[in-house]
Amino acid sequence: MSLEYENKVALELIQAMLGALSSNVRAVSFQCNGRRIELFFVFEKESSTDREEADYILVEFEALQSGPVDIEHHIKVTEELFPNGVSSLKGRPLYARKEN
């Protein structure tokens, strides 16, 4: 997939995330494989509210698309530190909160 398309996806995902991330969300990343997009969330603690927000982000992102895309999201709940910082995230990082 082209960098231009990936940048477009990144901007649309950031727009969809505006105001939706709580302090429980540690990181968000994504990867594109053709018209298939995978979104990865890392939560510090389990939260049904944050899971609902992740679903909402997908709906908002889909609304920004000009055609059909296959979107899948994954949620990992962990307090473990990222051993290599944002390089530890799967795909392209969009958001990572500051951690000590």
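Colleague: What volume does the largest cavity have?

Modeller: The model is a predicted one. The largest cavity has a volume of about 40 Å³. A search of the whole structure returns one cavity of 30 Å³ or more.

Colleague: Which residues line the largest cavity?

Modeller: A lining is read by residue, then by element, then by class. Here the lining of the largest cavity consists of A20, L21, S22, V25, F41, F43, D50, E53, A54 and I57. At least two of the lining residues come from β2 (36-43), and at least two from α2 (48-63). The largest share, four residues, is supplied by α2.

Colleague: How much space lies in the largest pocket?

Modeller: A pocket is open, whereas a probe cannot get out of a cavity. In this model, the largest pocket holds about 240 Å³ of space. It is lined by 17 residues, of which V42, K76, F82, S88 and L89 are the closest to its centre. The strands β1, β2 and β3 (70-77) each give at least two residues to this lining. By class, the lining of the largest pocket divides into 10 nonpolar, four polar and three charged residues.

Colleague: Where is V42 placed, and is V42 buried or exposed?

Modeller: V42 belongs to strand β2. Its relative accessible area is 8%, and the limit for a buried residue is under 20%, so V42 counts as buried. Apart from neighbours within four places in sequence, V42 is in contact with N24, V25, R26, A27, K76, T78, F82 and L89.

Colleague: Which side chain does the side chain of N24 join in a polar contact?

Modeller: The partner is D50, and the polar contact between the two side chains is 2.8 Å. D50 is also one of the residues that line the largest cavity. Beyond four places in sequence, N24 touches V42, F43, E44, K45, S47, D50 and R97.

Colleague: E38 is found in strand β2. Is E38 buried or exposed?

Modeller: E38 has a relative accessible area of 11% and is buried. The side chain of E38 makes a polar contact of 2.8 Å with the side chain of H74. With residues up to four places away in sequence left out, E38 touches S29, F30, Q31, E72 and H74.

Colleague: Which residues of the largest nonpolar core touch the most other members?

Modeller: A core is read through its members and the elements that supply them. This core has 22 residues, and V9, F30, L39 and F61 are those that touch the most other members. Two or more residues come from each of α1, β1, β2 and α2. The largest share, six residues, is that of α1.

Colleague: With which residues is F30 in contact?

Modeller: Neighbours within four places in sequence are again left aside. The contacts of F30 are then E6, V9, A10, L13, I37, E38, L39, F40, K90, G91, R92 and L94. V9 and L39, named above among the core members, are included in this list.

Colleague: How far apart are E60 and Q15 in sequence and in space?

Modeller: Separation along the chain and separation in space are read together. E60, which lies in helix α2, is 45 residues from Q15 in sequence and 8.4 Å from Q15 in space, C-alpha to C-alpha. E60 is partly exposed, with a relative accessible area of 30%. By contrast, N100 and V69 are 31 residues apart along the chain, and their C-alpha atoms are separated by 37 Å.

Colleague: Is N100 buried or exposed?

Modeller: N100 is exposed, with a relative accessible area of 88%. N100 lies in the segment after β4 (92-96).

Note on methods
Residues numbered from 1 in each chain as written. Predicted model: local features only at pLDDT ≥ 70, side-chain atom pairs only at ≥ 80, totals over all residues. Heavy atoms only, no water. Polar contact = N/O pair within 3.5 Å; in protein donor to acceptor, adjacent residues only side chain to side chain. Contact = heavy atoms within 4.5 Å. 1 Å grid on protein atoms, 1.4 Å probe; cavity = no way out; pocket = protein on both sides within 12 Å on 5 of 7 lines; lining within 4 Å. Points joined across faces, edges and corners; volume = space filled by probe spheres on them. Nonpolar A, V, L, I, M, F, W, Y, C, P; charged D, E, K, R; others polar. Buried < 20%, exposed > 50% of the residue type's maximum accessible area, 1.4 Å probe, protein only. Core = buried A, V, L, I, M, F, W, Y, C linked by side-chain atoms within 4.5 Å.
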